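Hi there,

Here is the model I promised to pass on. Please have a look, and then read on for what turned up in it.

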Amino acid sequence: MADALAAHAAKRDSLAQSLKAAREENRGPVALAKETSNLFRDREAGARRRLDVRGFNQVLRISDGAVEAEGMIPYENLTAACLQHGVMPAVVPQLKTITLGGAVAGVGIESSSHRQGLVHDTMLELDVLLGDGSIVNCSAHNAHSDLFFGFPNSYGTLGYALRVKAKTMPVKKYVRLEHLAFSNGEKYFEQLTRMLEAGSADFVDGTVFSPQQMFITLGRFADSAPHTSDYTYQKIYYRSIAEKREDYLTTHDYIWRWDTDWFWCSKNVLAQNPLVRKIYGRSRLGSKTYTRIMRWNSRVGVTKKLDRMLGLHSESVIQDVDIPISRAAEFLAFYSKEIQLWPQWTCPIGVKESRFALYPVKPGWYVNFGFWDVKRTRDAYPPGYFNRLIEEKVHELGGIKSLYSDSYFPERQFNQRYGGAAYDALKKKYDPGGAFPRLYDKCVLKA
């Protein structure tokens, strides 16, 4: 680990110097040169200084209930290193390509979130590269605690996380799954509340196939298993939820159960067809492949052209929203009437404190609803019509929406909902020269 720490220090100093030099030459706004992105909003093209951070992808230390790693390490690699030490990151977002720094700067969630909160709730400290080339160490208790609590949901508009220290949790070899069926939304969330209060499960999430068919999935670590299922090739995990009452996976396969089929979105690239699935092959089934296909389609517009040929109007509805659990049944009823894109993922979040300025939530239970598809209609609607409906309903119910995809808020409304005053103070203190775009410009105006 000493060699990794020394190499990290050298890379960090070199990157900081290159940014300072570019700043002195006034080369324009800053962006990252990197391999992958899990943002689902198109960006406007423009001249930017590209910081090459692709080398910041190493684990630095695993000990004492924590992992230190560089910001660009994909969770696939981070988790593999942790499992070798008998632990896992306390929250591992669902897709292998998501990076540690990206999850901290955005919002990351998974089925351990009922106990652990969101990814940023597991942060212990981070080193942030600022726009002037300086690097600050942030924790909840030091001089930069304001940036520590203001960095989550800033999406690279205050700086970039070069090193993150975050909590881990111990694991066992297997996870036993129990899929519980429901046919009524109110009873579903009532039972989910009782299960969360009981606190007996290590993992909790859910899948809604329709307003009349929904499941809560409880996961518990196990030392042994009578059998294990394999959903990395021919079998598809989300289909098994309605087919099995009980299941067993290795802990590794449980963590990545959603990646192989991008939840269920692999259907959009025909990967659920058995013949096409064989053509893809095991190694190409997963978020890495699907993301590349999606980016290509975004550039050339194949599906949009097909929709026009068929006389359809389409709108991407790719969102994650967090709703207080007491209002979750109301959101499901709204969604069932207005959106109707199935399946839908649900994941409970336990919020212990509300100090994160740019993602303001109150202590208590929330339910994340995740839905990622295209709404196609014969009738024409204004651009963003369905996403705007969702944004307003989320606000009405006291919830909050993630910003990784399309957003349509007016600026004043955006600032009211995402800590605008706190953000202005952080921007003035940590990026006074405007090296990075503003949060509204990046997340809504797509700067």
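Let me start with Val 302, which counts as partly exposed because its relative accessibility is 32%. (Buried means under 20% relative accessible area, exposed over 50%, and partly exposed in between, with a 1.4 Å probe and protein chains only.) Val 302 sits in helix α11; helices (H or I, at least four residues) and strands (E, at least two) are DSSP runs, numbered from the N terminus.

Before going further, two notes on the source. This is a predicted model, in which local features need pLDDT of at least 70 and side-chain atom pairs count only at pLDDT 80 or more, while totals for chains, interfaces and linings use all residues. Residues are numbered from 1 along each chain as its sequence is written, and side-chain values use heavy atoms, with hydrogens and water left out.

**The surface patch**

Val 302 belongs to a nonpolar surface patch of about 590 Å², together with Trp 296, Val 300, Leu 306, Met 309 and Leu 310. The largest share, three residues, comes from α11. Patch members have over 30% relative accessible area and no salt bridge; nonpolar side chains (Val, Leu, Ile, Met, Phe, Trp, Tyr) are joined within 5 Å, and like charges within 9 Å. The areas come from the Shrake-Rupley method with a 1.4 Å probe, and for residues only the protein chains shown count as cover.

In soluble globular proteins, nonpolar side chains tend to be buried together. The largest nonpolar core here has 89 residues, of which Tyr 75, Leu 78, Leu 126 and Leu 147 touch the most other members. A second, separate core has 31 residues, including Phe 182, Met 214, Leu 218 and Phe 386. A core is a set of buried Ala, Val, Leu, Ile, Met, Phe, Trp, Tyr and Cys residues joined through side-chain atoms within 4.5 Å. Leaving aside neighbours within four places in sequence, Leu 78 is in contact (heavy atoms within 4.5 Å) with Val 59, Val 67, Ala 69, Ile 73, Pro 89 and Leu 100.

Asp 205 lies in strand β10 (residues 203-210) and Thr 346 in strand β14 (residues 344-351). Asp 205 counts as buried because its relative accessibility is 3%, and Thr 346 is buried with a relative accessible area of 2%. Apart from neighbours within four places in sequence, the contacts of Asp 205 include Ser 111, Trp 258 and Thr 346. With neighbours set aside in this way, those of Thr 346 include Val 208, Asn 368 and Phe 369.

Which side chains do they meet in polar contacts? The side chain of Asp 205 pairs with that of Arg 257 (2.9 Å), and the side chain of Thr 346 with that of Tyr 188 (2.9 Å). A polar contact is a pair of N or O atoms within 3.5 Å; within protein, one must be able to donate a hydrogen and the other to accept it, and residues adjacent in sequence count only if both atoms are side-chain atoms.

**Salt bridges**

With a side-chain nitrogen of Lys or Arg within 4 Å of a carboxyl oxygen of Asp or Glu as the rule, the count comes to 29 salt bridges.

- Glu 391 pairs with Lys 401, with the closest N and O atoms 3.8 Å apart. Glu 391 is in helix α13 (residues 385-396) and Lys 401 in strand β16 (residues 400-401), so the pair ties together parts ten residues apart in sequence. Both Glu 391 and Lys 401 are buried.
- Lys 393 pairs with Glu 396 at 3.2 Å between the closest N and O atoms. About one helical turn separates Lys 393 and Glu 396, because they are three residues apart in helix α13.
- Arg 61, Glu 68, Glu 125, Asp 127 and Arg 163 are linked in a network of salt bridges.

**Backbone points to check**

Most residues other than glycine have a negative phi, and most peptide bonds are trans. Trp 342 and Pro 343 are joined by a cis peptide bond, with omega about -5°; Pro 343 lies in the loop between α12 (328-338) and β14. Phi is positive at Trp 262, near 50°, and at Phe 263, about 60°. Trp 262 is in the loop between α8 (251-255) and α9 (274-280), and Phe 263 is also found in the loop between α8 and α9. Trp 262 is buried at 11% relative accessible area, and Phe 263 is buried at 6%.
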